[in-house]
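Try each task on your own before you read the solution below it.

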Amino acid sequence: MTGPLLSIETLTRDYALRGKGGATRTLRAVDGVSLAVEPGSVFAVVGESGCGKSTLARIVMALDRPTSGTVRLGGDDLFALGPKALARKRRDFQMVFQDPYGSLNPRHSVGRIVAEPLHLLDDAPRGRERRALVARALEDVGLPGSAAERYPHEFSGGQRQRIAIARALITNPKLVVADEAVSALDLSIQAQILRLILSLRDRHGLTVLFITHNIGVVDEIADRVGVMQAGRLVETGPVREVLDHPREDYTRTLLAAEPTLAVLGQRKRRA
Amino acid sequence: MTALAKLPGPVLRLRRGWRPGSAALLIGGILTACLVGIALTSLVWTPEDPARMRILQKLKGPLVSGLLGTDHLGRDVASMLMRGAFNSLTTAFAAVAVGAVLGTLAGVAAAAGSKFDAVLMRICDALFALPPILSAIMLGALLGPGALTAIVAIGVFMIPVFARVTRGAAMQIWAREYIMAARMAGKGTARITVEHVLPNIAGQIIVQVTIQLAMAILTEAGLSFLGLGLPPPAPTWGRMLAESQTYLLQAPHLALAPGLAIAVAVLGLNLLGDGLAARLDPRRRQAS
């Protein structure tokens, strides 16, 4: 297959807000967004909270429907698929969530959590084979296979995020959407998880849509970046180009607001 | 109950050390265990046959004839109290089971974002507005007094209580990210409810069950007092109270015994419920 793995065209999502006195107005959370992600690359969407980037993630994950526009994954329009076909397609795209404390059911064992997306496979392995698959997935993210028998509260935030990544990868998806996947973690742990995502990308040829408010993280992980403001994608391009020579004022504002270690070091030297 | 015993995590596991609600849990647990123990014992043994009348022994004081004396027909009060505990508890359990099962179903369905949410909750509001005792009198006139009337009357009015608690708790669970992960795994509403929502709200439902059991015992006593509970000769705490009225000055122990029994049973269950609630409250639960 050639061409982008994920292509989004003029995607728009409106929400009806009911104001006082029954008056309705529409909030355009995502406004005519188009972007394409090449297979095996990391595309970061960056923007401040409320800019519509999480709505974009939800739509790409087919958890929400767009008002207009299309999302194509490997050539198939996600919202033209019937429920059965969409369920079949879901094995190709999975998600890693922001809060590693909220994204794992505290009552389920880690093994059960990681195996959950196997529900999507008609010929999902059972018994010993299933346990071996879960153990491999856990080892793939740097956890011992024996973690499967333990419960989420026995793990740290970074370890929990590794569990969430193992869950996202168990069906061998082509695309993983990471919605603020490192925002809730300590800086040192953030770096570990980012390195893990990159190494998984290299090992499995994964394509990653990385959603974040943190432009410093973009620098670490992305090949290309799209800057989102008030529902629109205001600037797109290779990460070095956008970060080093931003064309948009908004991108410059974001960059200036981000106290990355490098910038902090520069300021210190200048002082 | 086996499903509950299998719940992992810190929910129902008793831990060492003094923690919030420990005193309430301990005292409530002991009182409730005594209550259940006495009720079950009454099935195989009571000091006397609780229905046997010995007219020559009537209105004897405590320790003069039997542990707690005799009533106006010479029946042994202690034996009646024991069998009455069993009758009260079975009616209360059955009523709470009706309310908990139907209420939980309604609450879970409402929280799952079904289109019935508004309808279900308005029905619950309407049920809430009706006082159970008055409705039970109405129902008693319709069905005739008896265990079924009491169970239906009490149970139906517990549905909205359980529906609301369940709906609120379930909606909190539905907002969690692991629900989104389950949807990403292609799981439907019913499956997510069974696998993710119910296990996570089971604790809150159990707390509500204990508190509502106390309410049910109280209401059942009220209904029996009014003659709408189990028909004679089955002894109930409510009827023992009603019959004691005539002899209040002559034999105050006849009123005190069932009155105290009701109070202690309600207190025990309420303490148990409060203790469990404190244990389960995430704000008061220490991170493990």
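Predicted model: local features only at pLDDT ≥ 70, side-chain atom pairs only at ≥ 80, totals over all residues.

**Exercise 1. Describe the make-up of chain B: how many helices and strands does chain B have?**

Step 1: Count the elements. Chain B has 10 helices and zero strands.

Step 2: Read them off from the N terminus, and you get α-α-α-α-α-α-α-α-α-α.

Step 3: Check the burial. A residue counts as buried if 20 or more other C-beta atoms lie within 10 Å of its own. Of the 288 residues in chain B, 45% are buried.

Step 4: Look at the contacts in chain B with a separation of 6 or more. Residues 24 or more positions apart make up 71% of them.

**Exercise 2. Work out the order of the strands in the six-stranded open sheet of chain A, and find which are the edge strands.**

Step 1: Walk across the sheet. The order is β6-β7-β8-β3-β9-β10 in chain A, and the pairing is mixed.

Step 2: Find the edges. β6 (93-96) and β10 of chain A each pair on one side only, which makes them the edge strands.

Step 3: Neighbouring strands here are turned by 15 degrees against each other on average, direction ignored.

Step 4: Recall a general point: strands of a sheet pair through backbone hydrogen bonds, either parallel or antiparallel.

Step 5: Find a parallel pair. β3 (residues 42-46) and β8 (residues 207-212) of chain A run parallel and are joined by five bridges. In this pair, A:A44 has A:F210 in β8(A) as its bridge partner.

Step 6: Find an antiparallel pair. β9 (residues 224-229) and β10 (residues 232-238) of chain A pair that way over six bridges. A:M228 is bridged to A:L233 in β10(A). These two strands form a hairpin with two residues between them, and A:A230 in the turn has a positive phi of about 50 degrees.

**Exercise 3. Explore the largest nonpolar core: which residues touch the most other members?**

Step 1: Take the 151 residues of this core; A:A44, A:V114, A:V177, A:L209 and A:F210 touch the most other members.

Step 2: Ask which helix of chain B gives the most to the core. That's α3 (residues 77-111), with 16 residues.

Step 3: Zoom in on A:V177. Leaving out residues up to four places away in sequence, its contacts include A:A57, A:F93 and A:L209.

**Exercise 4. Describe the contact between the chains: how many residues come from each?**

Step 1: Count both sides. Chain B gives 18 residues and chain A gives 21 residues.

Step 2: Stay on the chain B side. The elements giving two or more residues are α7 (177-184) and α8 (189-225) of chain B, and α7(B) has the largest share, seven residues.

Step 3: Sort this side by class. You find nine nonpolar, five polar and four charged residues.

Definitions and conventions
Residues numbered from 1 in each chain as written. Chains lettered and ligands numbered in written order. Helix = DSSP H or I, 4+ residues; strand = E, 2+ residues; numbered from the N terminus. Buried ≥ 20, exposed ≤ 12 C-beta atoms within 10 Å, placed from the backbone. Contact = placed C-beta atoms within 7 Å. Core = buried A, V, L, I, M, F, W, Y, C linked by C-beta atoms within 7 Å. Nonpolar A, V, L, I, M, F, W, Y, C, P; charged D, E, K, R; others polar. Pairing = 2+ DSSP bridges. Axes fitted to C-alpha atoms, helices over the stretch in contact; angles between N-to-C directions.
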